[in-house]
Amino acid sequence: MQLFMQRKKVLWLTSWYPNRNDRFDGDFIQRHAHAAAIDHDIHVIYVTDADLETATEEETKVSTGLTEQWIYFRRRKGLYNKLYKQVYWRKLFLEAIQKYTETNGAPDIIHVHIPWKAGLIALWLKKKKGWNFIVTEHWGIYNKVAEGHYTSQPIYVRNTIRRVVQEARLLVSVSHYLGAAINRTVVEKPFQVIPNVTDTSLFHPGKDKYDLFTFLHVSNMVPLKNVKGILEAFIALKEKGVRAQLILIGNREEHYTSFASRSGYLNQSIHFRGEVSYREVAEEMRRSHCLVLNSFIENSPCVIGEALCTGLPVIATAVGGIPELVDDSNSILIDPTHPGALSVAMESMIADYHTYETAVIAEQAKDRFGYSAVAEGFRKLYAEPEAGARS
């Protein structure tokens, strides 16, 4: 890093961000913001509707190098709500940018996170003020088997995403897989990769492990995560007499708990923790032995970086951007279409666990996913002439 690097004023226009409606919505963008704020002055603007008694409410949080601004407007019902929502969202976003410039002057860089729909604001700023922008895509909709995949989106959404990517000075992705998918599906454009960041003050190795070998799964439990396949594989393992337990963190879906209950292992060897805080996820990782992901598709799951920074080896399906995140020293990759592969991998993990070097796994992951490492990615990105808002 340069000794006297100038801190740039960077305005972030975000489509997702943790908020009062959903504390996990775009939490990976928030961690990116904290990483970028190590060397630059980041101002995040996020606008959404909410259940309010007043017309609007605003929250601002200021920390070192980072200002986070949430603007909420009252949620309405009725025939014209969709149009009202779009118009009011745009109005409040532009007003917030105007206030920002009155206080701080024009930004050095405008950075859009997720083209739909904050990219609409960036396109307007480029047309009216001549301000250029860069865009990071996090949304994993560029796989045809993904729920709400790109080609199934309304034409105005597809056209907006295409225009935002085309007109952005720089395209950034959280994985090579996602960047290549955008090139195949939307438009050909060179891209850079800045991976998801892990808070290593929380996700680090611990000494106190569960007495039983513990497999841990963390997800939102949607069908594409194939949680039932994890349960089936673990039950098959137990039927062989293997001593182990499985802990699942995320939405406590009744059909999964019922399935586990019928096996006789619920609350004996299979434990559903439900939704817990980020800190509690880290605590469970420190006590566990192995993370398990059995997804049919993935982009670049944050949970893998978190597990690796905690020193956990990983069993995961070789899909999407997962192979970019792991190697033979810290994982077993399986074919999601191969019956029985997960159960075999779980048995192998128990047998070979002593060969995985927890401290080495954690240190290597920290050097890749920690705040300092990801901050270096933003330093390089914002140093490029093309990143500037003004030509």
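Reader: At what distance from the ring centre of Y72 does R20 lie?

Author: This is a predicted model, where local features need pLDDT of at least 70, side-chain atom pairs count only at pLDDT 80 or more, and totals for chains, interfaces and linings use all residues. Residues are numbered from 1 along each chain as its sequence is written, and side-chain values use heavy atoms, leaving out hydrogens and water. A charge sits over a ring if NZ of Lys or CZ of Arg is within 6 Å of the ring centre and within 35 degrees of the ring normal. R20 lies over the face of Y72, and its distance from the ring centre is 4.1 Å.

Reader: Which residue lies over the face of Y210?

Author: The distance to the ring centre is 4.0 Å. The residue is R287.

Reader: How many aromatic pairs does the structure hold?

Author: Rings of Phe, Tyr and Trp (its six-membered ring) pair if their centres lie within 6.5 Å; planes under 30 degrees apart count as stacked, over 60 as edge-to-face and the rest as tilted. The count of aromatic pairs is 14.

Reader: What is the geometry class of the pair F203 and Y278?

Author: The centres are 5.0 Å apart. The planes make 65 degrees, so with over 60 counting as edge-to-face, F203 and Y278 are edge-to-face.

Reader: Is F203 buried or exposed?

Author: Buried means under 20% relative accessible area, exposed over 50%, partly exposed in between (1.4 Å probe, protein chains only). F203 has a relative accessible area of 0%, so F203 is buried.

Reader: Why is the pair F378 and Y382 tilted?

Author: The ring centres are 5.8 Å apart. The planes of F378 and Y382 stand at 45 degrees, so the pair is tilted.
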